[in-house]
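Here is a quick tour for anyone meeting this structure for the first time. Have a look at the picture, then read on.

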Amino acid sequence: MLTAEQNRLLTDVSPGTPLNRYWKRQWIPALRSAALEPGGAPVKVELLGEHYVAFRGDNGEAGFLREACPHRGVSLALGRNENNRLTCIFHGWSFNAEGRCVKMPTEKDQGFCDKVKGQGFRVREGGAIVWVYLGEGEPPAFTDYAFTYLGREHCRPRASYNEANWLQNLETLLDSAHIGLLHADTTADKRLPQAGLQLVSGNDTPKYTLESRPYGLRSYSLRTSGGEQDYLRVTEFVAPGTAFIGTTDAEAGFVIIVVPVNNTRSLQWYVYWDTRQPIDQNLPDFALLGTDESDDNFAASRQGTPNYGQDRAAMRAGESWSGIPGVIFEDYAVAESIPIVDRTREFLGSGDLAIVRLRRELMERIRLSEAGEDCLKAEQSDYRALRALAAMIPVQTDIRVFTDRQQDERRKAFSA
Ligand code: FES
Ligand SMILES: [Fe+2]
């Protein structure tokens, strides 16, 4: 349970709030690299309750600007993309990829250009994603996760939007206890061997162990079967919105990143990668199930459908637990069911330990951010080395030692 103030602190991302300032200190995955064509139409992007426009010049360089033209506020999404610049069609003010104004046809003195500041933002591309730094001053070290070293052949980022506050989406990612329930249609299906999800079936009371890490949290959830083996899932959480989710495959992985678009809308990334073979040949079954083809918003046609198409007849007939087709949309339906949850009225149990720790971690980082202290600990974080895990282990195994060893091996497999 949170106080009303704490709930607001963690959910209100509007400009001027502590959460907004904290998020602006991060590298944020904004859109797919492929969504920007050289010389093509600029793309509108909303992040943290503010409006931006992204474009790619003919030279391939990506630019990320405030949407409103600094002259009289017209949308630069209407602009001309030529000569590696975005040019406002109203009076022709022209901006390069860094957001610097380089031409003002309406002014005799072109020196006025230099007075226009703060229009553009730093951009990085990695893992077939355009990342942006929306904060002031120098950006922090880039979150160079292993997949950001891969191109589109081995890494497939899929973006989607849902109409829920970011925290709800995030909490679901750390909530191992729901996997065997909400996703029972998948976890109980023995024909779907991928990712080891079936191993949670019939055990909805995992034992959590949470460790603080410079980048966020490591969450172990252990399910005992009464036999000789236990089932361990390890999730690596990188504050504020990234979770590496365990699979049984050492060289293929996936990560989910939640980004607040505004207070009641989230951008949720599913990034899949495989170092050995083209990722399109090894997507997990749940990745495409029920989703639209577009990787720029694979949830588009499902949004606004009542309860994500929940099928009451299938529920009654015992054919489906949730009635909602697709693991991803089961999560979305739950998150969207109340746009901003009132956390002053919850009853958190032992199954919610990870949620409690997650909130505490975020509140502490927001506090550090507000105090002007290091809220990222990027210098101490080896982002590239992060891997999640799902494995059967002999009972009495030291989960920490086991996980560290596994991660070392996964790292080696990656660099090979
Ligand atoms: S509003 Fe953009 S140039 Fe005038
Ligand atoms: Fe889920």
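## A covered helix

Let's start with helix H8, whose buried residues pack against strand E11 (155–162), helix H3 (166–174), helix H4 (179–182), helix H5 (184–187), strand E17 (265–274) and helix H6 (285–288). Keep in mind that this is a predicted model. H8 itself runs over residues 327–336 and is mostly covered, with 9 of its 10 residues buried. Among them are Val327, Ile328, Phe329 and Tyr332, and the buried set also includes the charged residues Glu330, Asp331 and Glu336.

On the domain 1 side 14 residues take part in the contact, and on the domain 2 side 13 residues do. Together the two domains bury about 1,100 Å² between them, with carbon and sulfur atoms giving 66% of that. Three residues stand out on domain 1: Pro29, Arg32 and Glu46 supply 45% of the area it buries against domain 2, more than any other three residues.

What kinds of polar links cross this interface? The rule finds 6 residue pairs in polar contact there (both at pLDDT 80 or more), and 1 salt bridge. As for the side of domain 1 that touches domain 2, strand E1 (27–32), strand E2 (43–47) and strand E10 (129–133) each supply at least two of its residues. E1 gives the most, with 5 residues. Sorted by type, that side of domain 1 has 10 nonpolar, 2 polar and 2 charged residues.

## Salt bridges

Side chains of opposite charge can pair when their charged atoms come close. The structure holds 22 salt bridges. One of them joins Asp296 and Arg32, at 2.8 Å from N to O. This pair ties together distant parts of the chain, 264 residues apart: Asp296 is in the loop between H6 and helix H7 (312–316), and Arg32 is in strand E1. Are the two partners buried or exposed? Arg32 counts as buried because its relative accessibility is 13%, under the 20% cut-off, whereas Asp296 is partly exposed at 33%.

Arg152 and Asp280 form another salt bridge, with their closest N and O atoms 3.1 Å apart. Here too the chain is bridged over a distance, since Arg152 lies in the loop between E10 and E11 and Asp280 in the loop between E17 and H6, 128 residues apart. Both are partly exposed, Arg152 at 32% relative accessibility and Asp280 at 43%.

Glu364 and Arg367 pair up as well, at 3.0 Å between the closest N and O atoms. These two both lie in helix H9 (residues 353–370), 3 residues apart, about one turn of the helix. Glu364 is partly exposed at 34%, and so is Arg367 at 44%. Elsewhere, salt bridges that share partners join Arg152, Arg156, Arg158, Asp280 and Asp295 into one network.

## Two residues to look up

Glu138 is in the loop between E10 and E11, and it is exposed, with a relative accessible area of 61%. Beyond its sequence neighbours up to four places away, Glu138 touches Arg122 and Tyr133. Its side chain makes a polar contact with the side chain of Arg122 at 2.8 Å.

Thr11, in helix H1 (residues 4–11), counts as buried at 5% relative accessibility. Leaving aside neighbours within four places in sequence, its contacts include Leu19, Trp166, Ile340 and Arg343.

Definitions and conventions. Residues are numbered from 1 along each chain as its sequence is written. Chains are lettered from A and ligands numbered from 1 in the order in which they are written. This is a predicted model: local features need pLDDT of at least 70, side-chain atom pairs count only at pLDDT 80 or more; totals for chains, interfaces and linings use all residues. Side-chain values use heavy atoms; hydrogens and water are left out. Contact means heavy atoms within 4.5 Å. Buried area is the accessible area (1.4 Å probe) that two parts lose on being put together, summed over both. A salt bridge is a side-chain nitrogen of Lys or Arg within 4 Å of a carboxyl oxygen of Asp or Glu. A polar contact is a pair of N or O atoms within 3.5 Å; within protein, one must be able to donate a hydrogen and the other to accept it, and residues adjacent in sequence count only if both atoms are side-chain atoms. Helices (H or I, at least four residues) and strands (E, at least two) are DSSP runs, numbered from the N terminus. Buried means under 20% relative accessible area, exposed over 50%, partly exposed in between (1.4 Å probe, protein chains only).
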